[in-house]
Amino acid sequence: MTDDRHPAEIFAGEAAEAIRAVNHASFAFDSIEDPATIYRILGSLYSIAGRLDQTLEQLDRSLQRQLASGRLQVDPGAHHGNEPVAVAAAAEQLDTARHGLRTAHDALTNAQAAISGLYTQ
(Lines give C-alpha, C1' and ligand atoms only; values in the text may rest on other atoms or scores of the structure.)
Protein backbone atom coordinates (compact mmCIF):
# COMPACT_ATOMS: atom_id res chain seq x y z
CA MET A 1 0.00 0.00 0.00
CA THR A 2 1.40 3.39 -0.95
CA ASP A 3 0.94 6.54 1.07
CA ASP A 4 -0.19 9.27 -1.33
CA ARG A 5 -0.32 12.00 1.31
CA HIS A 6 1.83 15.11 0.87
CA PRO A 7 5.10 14.86 2.86
CA ALA A 8 4.11 17.95 4.88
CA GLU A 9 0.92 16.17 5.98
CA ILE A 10 2.91 13.12 7.07
CA PHE A 11 5.47 15.20 8.98
CA ALA A 12 2.74 17.28 10.68
CA GLY A 13 1.11 14.07 11.90
CA GLU A 14 4.45 12.78 13.17
CA ALA A 15 5.11 16.09 14.95
CA ALA A 16 1.71 15.90 16.66
CA GLU A 17 2.53 12.38 17.85
CA ALA A 18 5.97 13.51 19.05
CA ILE A 19 4.39 16.25 21.20
CA ARG A 20 1.94 13.67 22.55
CA ALA A 21 4.94 11.53 23.52
CA VAL A 22 6.56 14.53 25.27
CA ASN A 23 3.33 15.05 27.21
CA HIS A 24 3.33 11.41 28.31
CA ALA A 25 7.03 11.46 29.21
CA SER A 26 6.69 14.58 31.35
CA PHE A 27 3.36 13.60 32.97
CA ALA A 28 4.54 12.04 36.21
CA PHE A 29 5.14 14.40 39.14
CA ASP A 30 8.89 15.05 39.43
CA SER A 31 9.57 12.95 36.34
CA ILE A 32 12.15 15.51 35.23
CA GLU A 33 14.57 16.08 38.06
CA ASP A 34 17.27 18.14 36.36
CA PRO A 35 16.60 21.81 35.50
CA ALA A 36 19.10 21.45 32.64
CA THR A 37 16.75 18.93 31.06
CA ILE A 38 13.85 21.37 31.39
CA TYR A 39 16.07 24.10 29.93
CA ARG A 40 16.77 21.96 26.85
CA ILE A 41 13.10 20.98 26.48
CA LEU A 42 12.10 24.65 26.60
CA GLY A 43 14.66 25.35 23.89
CA SER A 44 13.11 22.70 21.69
CA LEU A 45 9.61 23.99 22.39
CA TYR A 46 10.43 27.59 21.49
CA SER A 47 12.01 26.30 18.29
CA ILE A 48 8.78 24.45 17.51
CA ALA A 49 6.72 27.60 18.07
CA GLY A 50 8.97 29.59 15.74
CA ARG A 51 8.89 26.93 13.06
CA LEU A 52 5.11 26.55 13.26
CA ASP A 53 4.79 30.28 12.60
CA GLN A 54 6.63 29.76 9.31
CA THR A 55 4.53 26.68 8.48
CA LEU A 56 1.27 28.59 8.95
CA GLU A 57 2.52 31.44 6.78
CA GLN A 58 3.38 28.96 4.03
CA LEU A 59 -0.02 27.26 4.29
CA ASP A 60 -1.72 30.64 3.95
CA ARG A 61 0.36 31.48 0.87
CA SER A 62 -0.55 28.11 -0.64
CA LEU A 63 -4.26 28.80 -0.17
CA GLN A 64 -3.83 32.29 -1.68
CA ARG A 65 -2.07 30.84 -4.75
CA GLN A 66 -4.75 28.19 -5.20
CA LEU A 67 -7.45 30.86 -4.95
CA ALA A 68 -5.68 33.05 -7.52
CA SER A 69 -5.41 30.08 -9.88
CA GLY A 70 -9.18 29.57 -9.81
CA ARG A 71 -8.84 25.91 -8.84
CA LEU A 72 -10.66 26.13 -5.49
CA GLN A 73 -14.30 25.16 -5.01
CA VAL A 74 -16.34 25.23 -1.79
CA ASP A 75 -18.69 22.45 -0.70
CA PRO A 76 -22.18 23.46 0.41
CA GLY A 77 -22.00 25.13 3.79
CA ALA A 78 -21.11 28.45 5.31
CA HIS A 79 -19.00 29.69 2.37
CA HIS A 80 -20.72 27.80 -0.49
CA GLY A 81 -19.79 29.39 -3.79
CA ASN A 82 -17.65 32.06 -2.17
CA GLU A 83 -14.09 30.77 -2.20
CA PRO A 84 -12.50 34.20 -1.49
CA VAL A 85 -14.50 34.50 1.75
CA ALA A 86 -13.48 30.99 2.84
CA VAL A 87 -9.80 31.69 2.12
CA ALA A 88 -9.99 35.10 3.84
CA ALA A 89 -11.57 33.49 6.93
CA ALA A 90 -8.81 30.88 7.03
CA ALA A 91 -6.14 33.57 6.55
CA GLU A 92 -7.55 35.56 9.46
CA GLN A 93 -7.48 32.54 11.75
CA LEU A 94 -3.98 31.54 10.62
CA ASP A 95 -2.81 35.09 11.38
CA THR A 96 -4.35 34.82 14.85
CA ALA A 97 -2.57 31.50 15.39
CA ARG A 98 0.72 32.97 14.14
CA HIS A 99 0.40 35.85 16.61
CA GLY A 100 -0.20 33.35 19.43
CA LEU A 101 2.82 31.32 18.34
CA ARG A 102 5.04 34.41 18.39
CA THR A 103 3.79 35.13 21.91
CA ALA A 104 4.45 31.51 22.92
CA HIS A 105 7.92 31.61 21.34
CA ASP A 106 8.84 34.73 23.30
CA ALA A 107 7.38 33.38 26.56
CA LEU A 108 9.19 30.05 26.19
CA THR A 109 12.44 31.86 25.41
CA ASN A 110 11.99 33.99 28.54
CA ALA A 111 11.14 30.94 30.65
CA GLN A 112 14.29 29.24 29.44
CA ALA A 113 16.36 32.32 30.25
CA ALA A 114 14.79 32.50 33.72
CA ILE A 115 15.97 29.00 34.65
CA SER A 116 19.36 29.18 32.94
CA GLY A 117 21.19 29.41 36.26
CA LEU A 118 19.26 26.70 38.09
CA TYR A 119 20.85 23.41 39.10
CA THR A 120 20.20 20.63 41.59
CA GLN A 121 22.42 19.72 44.50
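This text walks through a predicted model of one protein chain, from its overall form to single residues.

Start with the fold. The chain holds 3 helices and 0 strands. Read along the sequence, the pattern is α-α-α. Helix α1 covers residues 7-25. Helix α2 covers residues 35-69. Helix α3 covers residues 83-114.

Now look at the overall dimensions. Along the principal axes, the C-alpha atoms fill a box of roughly 65 × 40 × 20 Å. The radius of gyration of the chain is 19 Å, whereas a compact globule of 121 residues would have one near 14 Å.

Next comes the surface. Buried residues make up 12% of the 121 residues.

Is Gln 112 buried or exposed? Its relative accessibility is 9%, so Gln 112 counts as buried, the cut-off being under 20%. Which residues does Gln 112 touch, leaving aside those up to four places away in sequence? They are Tyr 39, Leu 42, Gly 43 and Tyr 46.

Ala 97 also belongs to helix α3. Ala 97 has 32% relative accessibility, so this residue counts as partly exposed. Ala 97 and Leu 52 stand 45 residues apart in sequence. In space, their C-alpha atoms are 9.4 Å apart.

Turn now to charge. The chain carries 9 positive and 16 negative side chains. The centres of these two sets lie 6 Å apart. Side chains of opposite charge can pair when their charged atoms come close. How many salt bridges does a search of the whole structure find? The search finds 6.

One of them joins the side chains of Arg 5 and Asp 3, with N and O 2.7 Å apart. Arg 5 is partly exposed, at 37% relative accessible area. Asp 3 is partly exposed too, at 44%.

Arg 20 has 45% relative accessibility and counts as partly exposed. Glu 17 is also partly exposed, with a relative accessible area of 45%.

A further salt bridge links Asp 53 with Arg 98, and their closest N and O atoms are 2.6 Å apart. Asp 53 lies in helix α2 and Arg 98 in helix α3, so the pair ties together parts that are 45 residues apart in sequence. Are these two residues buried or exposed? Asp 53 is buried, with a relative accessible area of 14%. Arg 98 counts as buried because its relative accessibility is 18%, and the cut-off is under 20%.

This pair also has partners. Which residues are linked in a network of salt bridges? The network takes in Asp 53, Glu 57, Arg 61, Arg 98 and Arg 102.

Key: Residues numbered from 1 in each chain as written. Predicted model: local features only at pLDDT ≥ 70, side-chain atom pairs only at ≥ 80, totals over all residues. Heavy atoms only, no water. Helix = DSSP H or I, 4+ residues; strand = E, 2+ residues; numbered from the N terminus. Rg over C-alpha atoms; globule rule 2.2 N^0.38 Å. Buried < 20%, exposed > 50% of the residue type's maximum accessible area, 1.4 Å probe, protein only. Lys, Arg positive; Asp, Glu negative; His and termini not counted. Charge placed at Lys NZ, Arg CZ, Asp CG, Glu CD. Contact = heavy atoms within 4.5 Å. Salt bridge = Lys/Arg side-chain N within 4 Å of Asp/Glu carboxyl O.
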